[in-house]
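Subject: Handing over the structure

Dear colleague,

I am passing the structure on to you with this email, and below it I have written out what was found. Please keep the sequence open beside the text as you read.

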Amino acid sequence: MKGGLKVSQISLILIGFVCASVLLLAYVKSLFLSSSVLPQNHVLQLSPDLRVKDEEALGEGSGSEQSEDSVNFESEKYPTYANSLPVIKVTEELITHEEIGGIALNITEKGDLKDVSDKKTGLIEQEIDVSTAVSSGGEHSEIFTATPERQDCNFAKGRWVIDDSRPLYSGFGCKQWLSSMWACRLTQRTDFEYEKLRWRPKNCEMEEFTGVKFLKRMQNKTLAFIGDSLGRQQFQSLMCMITGGKDKPNVLDVGHEYGLVQSRGSARPDGWAFRFPDTETTILYYWSASLCDLTPINPSDPATDYAMHLDRPPAFLSHFLPRFDVLVLNTGHHWNRGKLKANRWVMSVGGVPNTNRKIATIGGAKNFTIHSIVNWVNSQLPKYPHVKAFYRTISPRHFFNGDWNTGGTCDNTTPLSEGKEVLQDESSDYDAARAVRGTDVKLLDITALSQLRDEGHISRYSIKATPGVQDCLHWCLPGVPDTWNEILFAQI
């Protein structure tokens, strides 16, 4: 066409147009990517007010509280990425000691999350890019919640440390709950360094106990201790810990609701139950030294023997279990021939006197009973899913150069003279550990950590001491049983 464009000119124009279009698309795409992808060297920074300190930086005497709530890292904490970084919710105690995607996390001095895996395994220490953890898909990726699967903490593995903020209550107080025979501050004892020790688990944090947090967690719930006198010590310890050792006139005695009233001729009731009215929290203790059901063989005879049903739980437990939310069982120190004879207990299985020689031994009978009761409780848990059940391992004795009635003593007053650390993974109470294995009954393992505390017993300072007889079984309060309750609190 005359005056028109030549074919070669049209081709050049088309080629230029295509190139311009490609460049324009590439430029738009680069803008989009730069606004939606974090820089490769970017790592999650904790603002100073939310930074979690490393365990060792806290110091052995740290008494800082941890919140039960999660710490929310909202987008306003990161204004640079307000439109691109999703909200990340991380539980405070998990930031330091958990694993996400198999990578052990810790906090650097700058507050960065870092891989602290052992270099001996060949893993290289590296910073974690948050962008790799954020989903890239559509509208459902607007909120990302970091919920690492938490490994169960072995609270029994760790060490004793000095904490000048201890004890949690005064041994001169708590008279509303604490028996004077266990309040060593009221005796002639003059050394109290044992009150300043706190248990620190090895690879996990144990939440700081406060009465307020305990009552909040146990609101409208009932906690029951069922066991021997060591269970009673744990019960009294918990009452003192909750109240801080102060008198609480508003706390209600509700023992009558559980039949825990003093009968005529008895020195005391079979247990106690108290309720904190503000939170409707009930704490009770029932005395059952053997964890067996005991029934009189001849009810009409005041001097009758009692059938000790090794395969049946105490009637109190079977009757009131549906009303409990947390159950702590223990037995152990009444399993000897002298106790059985003095109490006129006759071993029975299946409703008749036992004839099985394997069970007839004291050790065999005790183990058979522990397994029987744990299995019975486990069989009830599906019917009462609100119940969380624990079996507490045996509290160690520390009689040296004899037994309780043959001049045995526990005169040591130097804390941790036998060591301060428990390194084993398995419980020292093998029978208890085997009994709960494969069940939903949890092990409250206190044996090995208590074994290191021979200076914490009543010893010769008992108010009603008998010459030549020391109490190397029960503990001074405040003392070791407080730690048992701290571990219990951490697991409920």
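Two residues are said to be in contact when they have heavy atoms within 4.5 Å. Please bear in mind that this is a predicted model, in which local features need pLDDT of at least 70 and side-chain atom pairs count only at pLDDT 80 or more, while totals for chains, interfaces and linings use all residues. Residues are numbered from 1 along each chain as its sequence is written, and side-chain values use heavy atoms, with hydrogens and water left out.

I begin with Thr222, which sits in strand E9 (residues 222–227); strands (E, at least two residues) and helices (H or I, at least four) are DSSP runs numbered from the N terminus. Leaving aside neighbours within four places in sequence, Thr222 is in contact with Tyr258, Thr282, Leu284, Arg323, Phe324, Asp325 and Val326. Thr222 has a relative accessible area of 8% and is therefore buried, where buried means under 20%, exposed over 50% and partly exposed in between, with a 1.4 Å probe and protein chains only.

Next comes the nonpolar core, a set of buried Ala, Val, Leu, Ile, Met, Phe, Trp, Tyr and Cys residues joined through side-chain atoms within 4.5 Å. The largest one holds 55 residues, and Phe214, Leu223, Phe225, Ile283 and Leu488 touch the most other members. Helix H5 (residues 229–243) gives the most to this core, namely seven residues. Apart from it lies another core, of 28 residues, which includes Tyr286, Ile370, Ile373 and Val374.

Cys184 lies in the loop between E7 and E8, and Cys476 in the loop between strand E22 (471–475) and H12, so that the pair links distant parts of the chain, 292 residues apart. Cys184 is buried, at a relative accessible area of 1%, and Cys476 is buried too, at 0%.

Another disulfide joins Cys410 to Cys472, with 2.1 Å from S to S, and at -95° about the S-S bond this link is also left-handed. Because Cys410 lies in the loop between strand E18 (388–392) and strand E19 (421–422), and Cys472 in strand E22, the pair ties together parts that are 62 residues apart in sequence.

With best wishes

How values were computed: Disulfide = S-S within 2.5 Å.
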